[in-house]
Amino acid sequence: MKQIIVAIDGYSSSGKSTMAKHLARAAGYAYVDSGAMYRAVTLYAMRHGMIADDGTPDSNTLAQALPEIEITFQVRQAGEASRTCLNGEDVEDEIRSLAVSNHVSPIAALPEVRHRITALLRGFGHNKGIVMDGRDIGTTVFPDAEMKVFVDASPEIRARRRHEELTAKGKQADYGDVLKNILERDNIDKNRKDSPLQQAADAVVLCNDDMSIEEQHKWLMNLFKLRSTDDSAHRD
């Protein structure tokens, strides 16, 4: 099989990260969570008072601070998922909080932030053999990726999954608040001026409302086998 770039885009809490991680392990590929990078920048902004009480980010101050923000991924033990580090600090658990989720879309919509993160993300793909998920991987970061998937699911299904995930981690969350957050993030992601969330023309759509995790993994692996063995298959 040839080494390829796999770009998985989709709405928040649609399950794309879970599928991307599983595929990367199964294929022996590197996995990069672009969303974690935007969340890390958001956490930095929150910690340094760069977000107003109404949720508006201080774009100028944050833009000046971007060169000081270092985001890396570390693996504690073999076989474990990578953890996100912000300037050397493990912030994996903190960036997954609802508080960060409530602010990440406005931060990610800032052109300066998107340009900085896009440049960093492209650096991971030089040697291919990578699975990356996010909002604009197949349209902006890697428009020539050999395999593109766009994951979709209803807001209610996504909110339920996210609520169950937070509850399983022992974090208190109200379903209504989670659904509201998802709808707000969808609106910002789809309507931002810089790299809005949209399906790439050559992406394959996966609507997983009624699919089990095992069914999603199988679907994705079948497509991966096709794309990584057939030079002409990725151009529909």
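Is Cys85 buried or exposed? I looked it up: Cys85 is buried, at 3% relative accessibility. My cut-offs are under 20% relative accessible area for buried, over 50% for exposed and partly exposed in between, with a 1.4 Å probe and protein chains only.

A note on the source. This is a predicted model, where local features need pLDDT of at least 70 and side-chain atom pairs count only at pLDDT 80 or more, while totals for chains, interfaces and linings use all residues. Residues are numbered from 1 along each chain as its sequence is written, and side-chain values use heavy atoms, leaving out hydrogens and water.

I then checked Cys207, which is partly exposed at 47% relative accessible area. I searched for disulfides (pairs of cysteine sulfur atoms within 2.5 Å). The structure holds zero.

**Cores.** Next I looked for nonpolar cores, meaning sets of buried Ala, Val, Leu, Ile, Met, Phe, Trp, Tyr and Cys residues joined through side-chain atoms within 4.5 Å. The largest has 35 residues, and Val41, Leu62 and Val113 touch the most other members. Among the elements giving it two or more residues are strand E1 (5-10), helix H2 (34-47) and helix H6 (111-124). H2 gives the most, with eight residues. I took helices (H or I, at least four residues) and strands (E, at least two) as DSSP runs, numbered from the N terminus.

Beyond its neighbours within four places in sequence, Val41 is in contact (heavy atoms within 4.5 Å) with residues including Leu62, Ile107 and Val113. I also found a second, separate core of 19 residues, which includes Ile4, Leu23, Leu206 and Phe224.

**Pocket.** Which residues lie nearest the centre of the largest pocket? They are Ser13, Gly15, Ser17, Thr18 and Glu165, out of 42 lining residues. Helix H1 (16-27) and helix H8 (155-168) are among the elements giving two or more residues to this lining. I sorted the lining into eight nonpolar, 13 polar and 21 charged residues. In that sorting, Asp, Glu, Lys and Arg count as charged, Ala, Val, Leu, Ile, Met, Phe, Trp, Tyr, Cys and Pro as nonpolar, and the others, Gly among them, as polar.

**Loop residue.** Last, I looked up Glu68, in the loop between H3 and strand E3 (71-74). Glu68 is exposed, at 54% relative accessible area. Not counting residues up to four places away in sequence, Glu68 touches Tyr44 and Asn87. The C-alpha atoms of Glu68 and Asn87 are separated by 8.3 Å, with the two residues 19 apart along the chain.

How values were computed. 1 Å grid on protein atoms, 1.4 Å probe; cavity = no way out; pocket = protein on both sides within 12 Å on 5 of 7 lines; lining within 4 Å.
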